[in-house]
Structures are given as C-alpha cells and as structure tokens.
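Biologist: I would like to learn how to read a structure like this one. Could we go through some features in turn?

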Amino acid sequence: MFLCNPEHATVSSNQRAREERTYPPFSSAWGNFLRREFNLPENKKKESAMHPLTATFLGGLEEVGMNCLLLSWQDNHLLIDCGLGFPDPSYYPGVEAAHPCFERLEHLEGEIVGIVVTHGHEDHIGAIPQLLKYCDAPVYGPEFAMKLLGHRLHRHHLQTPIHTTQPDDIYPIGPFEVEWIPVAHSVPHSCCLSIRTPLHHIIHSGDFKFEMPPSPRSPNPLPRLGALGEEGVDLLFCESTNVSVPGFAGSESSLYSGFEDVFLRAKGRIFVVTFSSHIDRLHLAIELAREFGRKIVLLGASLQRNVHAARELGLLQLRADDIIDLNDMHTISPRRLLILATGSQAEPFSAMTRIAMGNHKVSLQQEDSIIWSSRKIPGNENAIGYIHDQIVEQGARLYHSPQYPVHVSGHGFREEIQMMHQLTQPTHLVPIHGRQTFLHEHKLLATQSGFPAENIHLCQNGDRLSLHKGEVTRLPSWEHRTVFMANNSTHPLSEDAQRERRQMSRYGLIVLSAQLNMQGQLSTPPQFSLMGVPVPKENAKDWGEMLQERFEESPMEYKLSKADIEETLRRLLGNHLRSAYRIKPRIEVLLHQT
Ligand SMILES: [Zn+2]
Ligand SMILES: [Zn+2]
C-alpha cells in the first residue's frame with residue numbers, strides 16, 4: 001500500500017485495531033490520535049466529541065446506478081463510491097450515461113480526505129473522473145477495482161493517487177478508520193466497508209451476496225461481519241437490488257453443470273456473452289474450454305482489457321496458446337472454438353450486438369450455441385429481446401436464464417439481505433442501491449423480521465442524515481441534480497436539452513420561416529420544414545395561408561417585438577397541430593425582416 005502522508009503510513013492489523021478500540025474515546029490512544037491529526041487543544045476535546053456523523057446521499061437511491069455517499073465528521077469528508085447511471089434510452093434518447101452533480105462539493109467546509117470504493121463496477125467507480133474535477137482526493141479500494149480505475153484515470157489524463165487496499169488491514173483516512181471486508185459479487189475483490197470515527201461505527205454493504213454453497217473462488221465474510229456485529233454497529237447502509245426475490249441468489253459453482261451441458265451438446269462454436277468484468281464467469285467458461293479442447297477468442301475491447309487485468313493479478317490462468325486471434329478463427333474447426341463476447345445488455349456497438357445484426361467479421365452459423373450469461377438490467381429488456389430474436393432467426397441455439405441454468409445474480413436475495421442485518425446487528429438501517437420501490441420493500445422485509453421501524457430510514461437522493469449519540473435525525477436536504485452525458489460529447493446535456501430531445505423524439509421538429517415587412521406584417525405566407533413529424537409533408541402546404549390569416553387577426557399586443565411575433569407564430573401553429581393532428585412537435589421560428 002502507498003500512502004502519501006507518512007504519518008498515515010502505519011497500517012494496523014485487525015487484531016491491533018481491535019486492541020486500540022478497547023480504549024474509551026479521547027483517553028490516551030484516541031486523544032493522541034485526534035491531537036496529532038487535528039491539532040485539537042485539550043480543552044476542545046469534549047466539544048469535538050459533540051460533532052455528529054452526517055451522511056449525504058448524492059445518488060443511488062432513486063435508480064440502479066450513480067451510487068455515491070458522502071460521510072462527514074468534523075469538517076472531514078469521505079466519499080463512498082462514485083458511479084455512473086445508465087438512464088432508459090427511450091426516455092433519455094442519445095444519453096450514454098449519467099452521474100450526480102458534484103458542484104456542491106467544491107463549497108464544502110473542511111477537506112475531502114478520500115474516496116473509498118467498494119468494488120469495480122461502473123455504477124460504483126464510473127463517475128470518479130468527473131468527481132475529480134471538483135475534489136482532489138486520493139482514492140482507496142480493492143485491487144481489481146483500482147486496476148480498472150487506473151486505466152480510466154489514465155484515459156482522462158488524471159494523476160490522482162490510487163491506493164490499493166488489502167482485506168486484513170485497517171486504513172486511517174483522515175479521522176476515519178476504514179476496513180475492506182471481501183464479499184461475493186460479480187466482480188473480483190468486492191467488499192463491504194466498516195467505517196469508524198472515534199465515536200461511530202457504520203457498515204456499508206457494497207454489492208454482495210453470500211455464496212450458498214460457498215465457491216472455492218469466493219471469500220467467506222460471515223465470521224468477520226459477525227465479529228463486527230458483536231462489537232456494535234450504529235448504522236448499516238445495505239443494498240436492496242434483489243430485495244423482492246425470495247430465497248438465495250445461488251452459488252457461482254452451481255453454474256458448472258448448466259455450462260457443461262451446453263459444451264456436451266454443442267456441435268459448432270460456443271459463444272458466451274457476459275459482463276466483461278465478471279471474471280469468475282469467464283473463468284468457468286475458460287476451464288470448460290480447456291476441458292473440451294476449445295481455443296478461446298476474445299471479442300470486445302472491454303473484455304480484452306478486463307481479461308488482461310485479471311491475468312496480471314493472477315485471477316485468470318490463461319496460457320498464451322489458449323487464445324487465438326479473430327483473424328485465425330477460420331483455421332480451427334467450429335467444434336474447437338469458444339468465443340467470449342461483450343454485449344450482454346445489447347449495447348449498440350458491442351461485439352455480440354454487431355454479430356447478431358450482421359455488422360461484424362464474425363457471422364452467426366446454424367450450429368452455433370450462444371450462452372447468454374447475465375441478467376437483463378431494467379430498461380434493456382426490449383433491446384436484449386430484439387438481439388435474441390436475431391440470434392434464433394439465424395438458426396443459432398440460445399441458452400439464457402431462467403430457462404437454462406446459465407446465470408446466477410451477484411446481488412443477494414431476501415434471505416441474504418436478512419443475513420446481513422442479523423450478522424451486523426445495526427441499531428439503524430438505511431436501505432440503499434435501488435429505486436424507491438426497492439428501498440420501501442427493504443424496509444418492509446426488515447420490519448417483518450423484527451427490526452424497529454423507527455430505526456429504518458428511507459431516503460432519496462440529496463437527503464441527509466445525522467448520527468449522534470446513537471440517534472439518527474434528518475438534516476435539510478441538498479438539491480439533487482443529475483448530469484447527463486451524450487455519446488462522445490465533451491459537455492454534459494442540460495435539462496433543457498433533455499426536454500427538447502424528448503419532445504423531438506415523440507413528435508419531431510418543425511422549422512417555421514417567415515418574412516416580416518416594415519409594418520410588422522407577414523409579407524408572404526410562412527414556409528415549413530418538417531423533420532420526423534408524424535404528418536405527411538404535403539399537408540404543410542395548407543398551413544401557410546391559414547397561419548398568415550390568423551396572425552393578422554391577432555391583437556397588436558402580441559406583435560410588439562420580434563420575440564412576441566415569434567412566440568405568437570409558434571403558438572398559432574402549435575394550436576392548429578394539436579387540434580388537427582393531436583401532436584406537439586418542437587417548433588423553431590426563423591424570422592427575417594425586410
Ligand atoms: Zn456491483
Ligand atoms: Zn452496484
């Protein structure tokens with residue numbers, strides 16, 4: 001581990017940290033710590049002990065994505081995760097991703113001492129480059145996440161210090177002590193966080209599940225979480241993704257037989273489509289490829305990048321001769337090929353989408369078997385369904401969950417969420433990571449198993465909670481704003497631009513051009529240019545004279561300035577289109593004066 005401040009360079013083991021914690025707050029150990037770290041005079045110690053811990057939710061409570069939580073204690077601030085969201089393309093046309101607005105962080109009193117990361121998924125690390133424009137804080141997180149983040153920061157030409165954390169160590173970051181506890185999830189090195197100030201102890205679940213039965217490649221967090229629960233936890237932030245699904249998510253090892261079955265049956269090539277960061281899933285496919293004598297082709301830039309990172313960290317054992325290049329595929333029998341491809345969410349430019357649509361060097365064949373090994377993220381169902389249609393129409397065999405046992409979720413189901421509550425025994429619970437429906441369902445689940453309802457705090461983006469002397473109270477919320485990023489654009493899309501795009505995507509655009517004479521009258525009937533409007537273009541021929549007539553009948557008070565005239569023309573045309581065709585296209589007016 002590398003820490004920039006030499007005073008912070010001592011990393012205590014769990015054992016040592018637990019011994020230190022046996023001191024009462026502000027007795028010798030903590031007092032020395034606080035005096036050293038914050039230069040607190042003796043007589044200020046009691047006063048500082050009054051400071052509550054506050055939590056501000058910057059994102060992740062009204063969507064699956066944009067996870068970002070700010071913890072503050074004594075003007076020291078710690079950010080937990082900072083992810084992207086992926087808005088529904090039918091409502092946000094052309095939007096690639098979204099993230100919380102970070103402007104407010106620039107005006108915080110005190111210092112942002114660090115950004116701590118639970119794991120390497122996009123909804124947890126994807127917006128860190130955007131965040132770093134507003135705060136210059138070091139990032140701490142587990143190895144695989146930091147590897148992925150390093151590539152991302154490099155692409156953004158950012159030199160921010162990145163500190164890789166190890167599971168058995170505790171890291172002092174400002175006044176916070178942070179411990180990463182490995183959990184099972186769908187990306188390597190996923191962790192829960194235990195975060196302490198001298199006066200508080202909270203746990204952040206990250207994204208997790210409990211492998212039942214345990215997989216050899218998965219960590220077992222039960223003993224450590226149980227021990228932390230015994231020590232006392234003031235507040236648990238717990239994820240809610242699968243809170244509506246009964247039972248357990250299932251173990252990664254349970255997929256072996258489902259995959260093996262496809263390998264046994266397949267007469268041609270096998271494709272596996274999954275998230276490119278799901279290294280355990282790739283490991284399973286690669287092991288079977290070896291067993292069945294198949295060479296591996298990697299299709300998709302993110303897949304190649306993640307496989308490279310996983311090999312460097314020893315998470316994937318791939319020999320050079322296991323892999324063949326796309327251009328050499330034709331030299332190998334289809335029965336000897338496994339193709340790992342990106343595109344599990346039918347992303348438009350991903351390898352599998354392009355293959356299914358006939359826009360790739362690789363084309364589908366009748367003997368191909370496609371294992372679709374991922375869930376459908378809400379909002380992507382139609383796009384994925386369309387790609388599935390393309391695959392089966394071309395005669396390939398499609399294996400997807402739940403019809404075939406080729407996928408298990410990385411997020412715990414109801415039983416696992418309850419286990420997290422029981423292990424950590426928190427005084428207060430804040431459901432996070434999901435839409436409001438999920439969070440409400442999470443509260444219901446917890447109360448049904450005896451958690452006091454008054455200690456469960458449902459929040460929305462922008463809400464703030466204060467934890468003080470074991471009590472949680474609400475603080476005035478921050479205004480929450482989302483920043484939308486357009487495809488390949490250097491600037492975010494404003495709310496106005498979003499509204500205009502939605503309007504145009506529903507009813508199209510009409511450009512009305514008109515000539516005004518010196519008397520402020522229309523010298524000729526206006527002309528119209530229609531784009532994407534659900535009305536035959538020839539209908540517009542009748543609008544010019546009608547509009548000129550209505551404009552001349554309009555009272556003078558609507559024609560006093562150029563802006564008035566533009567607005568009047570827009571309104572007259574809009575009224576006509578609404579009554580004649582029941583449409584509300586966007587109308588742009590170009591006014592020329594002669
Ligand atoms: Zn995740
Ligand atoms: Zn997540």
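This is a predicted model: local features need pLDDT of at least 70, side-chain atom pairs count only at pLDDT 80 or more; totals for chains, interfaces and linings use all residues.

Biologist: Next, helices. At what angle do helix α7 and helix α13 pack?

Modeller: The general idea is that two packed helices are described by the angle between their axes and the distance between the axes. Here, helix α7 covers residues 222-231 and helix α13 covers residues 414-424. Their angle is about 50°, and the axes lie 6 Å apart. That angle makes α7 oblique to α13.

Biologist: Which residues make the contact between α7 and α13?

Modeller: From α7 come L222, L225, G226 and G229, while α13 supplies M419, M420, L423 and T424. Sorted by class, the contact has 5 nonpolar and 3 polar residues, with no charged ones.

Biologist: How many salt bridges does a search of the whole structure find?

Modeller: The search finds 22. One of them pairs R269 with D368, where the closest N and O atoms are 2.7 Å apart. When reading such a pair, ask where its partners sit along the chain. R269 is in the loop between α8 and β14, and D368 is in the loop between α11 and β17. The two are 99 residues apart, so this pair links distant parts of the chain.

Biologist: Is R269 buried or exposed?

Modeller: R269 is buried, because its relative accessible area is 4% and the cut-off for buried is under 20%. D368 is buried as well, at 0%.

Biologist: What about the pair D322 and R319: is each one buried or partly exposed?

Modeller: D322 has 7% relative accessibility and counts as buried, whereas R319 has 48% and counts as partly exposed. Their side chains meet in a salt bridge at 3.4 Å, N to O. Salt bridges that share partners also join E287, R290, R319, D321 and D322 into one network.

Biologist: Which residue forms a salt bridge with R586?

Modeller: E588 does, with the closest N and O atoms 3.1 Å apart. E588 is partly exposed, with a relative accessible area of 30%.

Biologist: Now single residues. Where is H388, and which residues does H388 touch?

Modeller: H388 lies in helix α12, residues 381-393. Its relative accessibility of 7% counts as buried. Leaving out residues up to four places away in sequence, H388 touches W372, K376, L398 and H400.

Biologist: Where is S186 found?

Modeller: S186 is in the loop between β10 and β11. This residue is buried, with a relative accessible area of 14%.

Biologist: Last, what is the place of G114?

Modeller: G114 belongs to strand β6, residues 111-116, and is buried at 0% relative accessible area. Among the residues that G114 touches are H77, A137, Y140 and I173. The C-alpha atoms of G114 and F210 are separated by 28 Å, and these residues are 96 apart along the chain.

Key:
Residues are numbered from 1 along each chain as its sequence is written. Chains are lettered from A and ligands numbered from 1 in the order in which they are written. Side-chain values use heavy atoms; hydrogens and water are left out. Axes are lines fitted to C-alpha atoms, for helices over the stretch in contact, and angles run from 0 to 180 degrees between N-to-C directions. Helices (H or I, at least four residues) and strands (E, at least two) are DSSP runs, numbered from the N terminus. Angles under 35 degrees count as roughly parallel, over 145 as roughly antiparallel, 65 to 115 as roughly perpendicular and the rest as oblique. Contact means heavy atoms within 4.5 Å. Ala, Val, Leu, Ile, Met, Phe, Trp, Tyr, Cys and Pro count as nonpolar, Asp, Glu, Lys and Arg as charged, and the others, Gly among them, as polar. A salt bridge is a side-chain nitrogen of Lys or Arg within 4 Å of a carboxyl oxygen of Asp or Glu. Buried means under 20% relative accessible area, exposed over 50%, partly exposed in between (1.4 Å probe, protein chains only).
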